[in-house]
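Colleague: I'm new to reading models like this one. Could you walk me through some of the terms?

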Amino acid sequence: MIALGCDHGGFGLMQEVIKFLEENNYEYKNFGTYSEDSCDYPDYAKKVAEAIQKGECEKGILICGTGIGISITANKFKGIRAALCHDCFSAKATREHNDANIVAMGARVVGPGLATEIVRLFLTTPFSNDERHIRRINKIED
């Protein structure tokens, strides 16, 4: 299950991501927001991070205007490794090297085509299980 969260700035792009997820038979839980009415991104980052912490969802997707604020907020939660990705290489690398469990994007930075490719790579790329990456993740968690 994939946890979704966005603020008003990310709402439009999240609709494109949802369409991609549905077309590819991914199960998701949408924690909002549900409109373009002004709201606060930390509220949605918290809901997604907590769903992952509780084991309700395995991974998450967060979108705000730049992706910066929402990823900073998510990373405040223990066990969360949220990666801000605006290119395909980063989306793949963060799964392989960091075992990131949330991808964050900025709707004012990436368009729908790139965003759905980032999501595809994030969801399909496995963690490498390389000893050096595990060591580094353990240091992050400590």
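Modeller: Rings of Phe, Tyr and Trp (its six-membered ring) pair if their centres lie within 6.5 Å; planes under 30 degrees apart count as stacked, over 60 as edge-to-face and the rest as tilted. By that rule there is one aromatic pair here. Keep in mind that this is a predicted model: local features need pLDDT of at least 70, side-chain atom pairs count only at pLDDT 80 or more, and totals for chains, interfaces and linings use all residues. Residues are numbered from 1 along each chain as its sequence is written, and side-chain values use heavy atoms, with hydrogens and water left out.

Colleague: Why is Ile68 called partly exposed?

Modeller: Buried means under 20% relative accessible area, exposed over 50%, and partly exposed in between (1.4 Å probe, protein chains only). Ile68 has 43% relative accessibility, so it counts as partly exposed.

Colleague: And what makes strand S3 mostly covered?

Modeller: Strands (E, at least two residues) and helices (H or I, at least four) are DSSP runs, numbered from the N terminus. In S3, residues 59–64, six of the six residues are buried. Lys59, Ile61 and Ile63 are buried on one side, and Gly60, Leu62 and Cys64 on the other.
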